[in-house]
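Student: Could you show me how to read a protein model, one feature at a time?
Tutor: Gladly! Have a look at it first, and then we will talk it through.

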Amino acid sequence: MTAFNTIVLFELFEIAKQGYLSGKTANVWIDVKSQSKGEKHNKQVLIQAYQDICSLYNNSWPMTYFQLFRILSSKIKKTITVIE
């Protein structure tokens with residue numbers, strides 16, 4: 001079983017959803033508008049989670065927005081959130 005941070009998954013899902021609904025057919029591109037220290041770290045976390053998802057579900061090949069949207073929408077339905 002693979003564990004991902006739920007907030008990161010939802011952020012990736014929103015990126016994939018926006019890209020898919022806007023009609024983008026290219027590979028996923030993760031971009032953060034502002035470049036403050038915290039947002040650079042957030043971008044790195046998003047990219048690492050995206051790469052991990054690609055390695056698990058797409059044999060380490062880049063995914064399109066539709067592929068990422070489809071995988072995350074099915075996986076988020078099965079997400080268990082643990083509140084500590």
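What follows is a conversation about the helices, the rings and the surface of this model.

Student: Where should I begin?
Tutor: Begin with how the model was made: it is predicted. The average pLDDT of the protein is 82, and 80% of the residues score at least 70.

Student: Which elements have the lowest and the highest mean pLDDT?
Tutor: Helix 2 (residues 37-57) has the lowest, at 83, and helix 3 has the highest, at 90.

Student: How many helices and strands are there?
Tutor: You will find three helices and zero strands. Reading from the N terminus, the order of the elements is α-α-α.

Student: What span should helix 1 have, and what does the model give?
Tutor: At 1.5 Å a residue, the 16 residues of helix 1 should span 22 Å, and the end C-alpha atoms are 22 Å apart, so the two agree.

Student: Now to burial. Which residues of helix 1 are buried?
Tutor: In helix 1 the buried residues are Thr6, Val8, Leu9, Leu12, Phe13, Ile15, Ala16 and Gly19. Helix 3 buries Tyr65, Leu68, Phe69, Ile71, Leu72 and Ile76. For the protein as a whole, buried residues make up 29% of the 84 residues.

Student: How many aromatic pairs does the structure hold?
Tutor: It holds three. A pair of aromatic rings is described by the distance of the centres and the angle of the planes. Take Phe13 and Phe69: their centres are 5.4 Å apart with 20 degrees between the planes, and this pair is stacked.

Student: Why does the pair of Phe13 and Phe69 tie together parts that are apart in sequence?
Tutor: Because Phe13 lies in helix 1 (residues 6-21) and Phe69 in helix 3, the pair ties together parts 56 residues apart in sequence. Phe13 counts as buried because its relative accessibility is 15%, and the cut-off for buried is under 20%.

Student: Are the rings of Tyr20 and Phe66 stacked or tilted?
Tutor: Their centres are 5.2 Å apart and their planes meet at 40 degrees, so this pair is tilted.

Student: Is Tyr20 buried or partly exposed?
Tutor: Tyr20 is partly exposed, at 34% relative accessibility. Phe66 is also partly exposed, with 40%.

Student: Which residues form a nonpolar patch on the surface?
Tutor: Tyr20, Leu21 and Phe66 form one, with about 310 Å² of accessible area together. Leu21 belongs to helix 1 and is exposed, with a relative accessible area of 62%.

Student: Where is Pro62?
Tutor: Pro62 is in the loop between helix 2 and helix 3, and it is partly exposed at 42%. Its C-alpha atom is separated by 8.0 Å from that of Gln51, 11 residues apart along the chain.

Technical notes:
Residues numbered from 1 in each chain as written. Predicted model: local features only at pLDDT ≥ 70, side-chain atom pairs only at ≥ 80, totals over all residues. Heavy atoms only, no water. Buried < 20%, exposed > 50% of the residue type's maximum accessible area, 1.4 Å probe, protein only. Helix = DSSP H or I, 4+ residues; strand = E, 2+ residues; numbered from the N terminus. Phe/Tyr/Trp six-rings, centres within 6.5 Å; stacked < 30°, edge-to-face > 60°. Patch = residues over 30% accessible without salt bridge, like charges linked within 9 Å, V, L, I, M, F, W, Y side chains within 5 Å. Areas by Shrake-Rupley, 256 points an atom, 1.4 Å probe, with all protein chains shown as cover. Salt bridge = Lys/Arg side-chain N within 4 Å of Asp/Glu carboxyl O. pLDDT = per-residue confidence, 0-100. Expected span 1.5 Å × (residues − 1).
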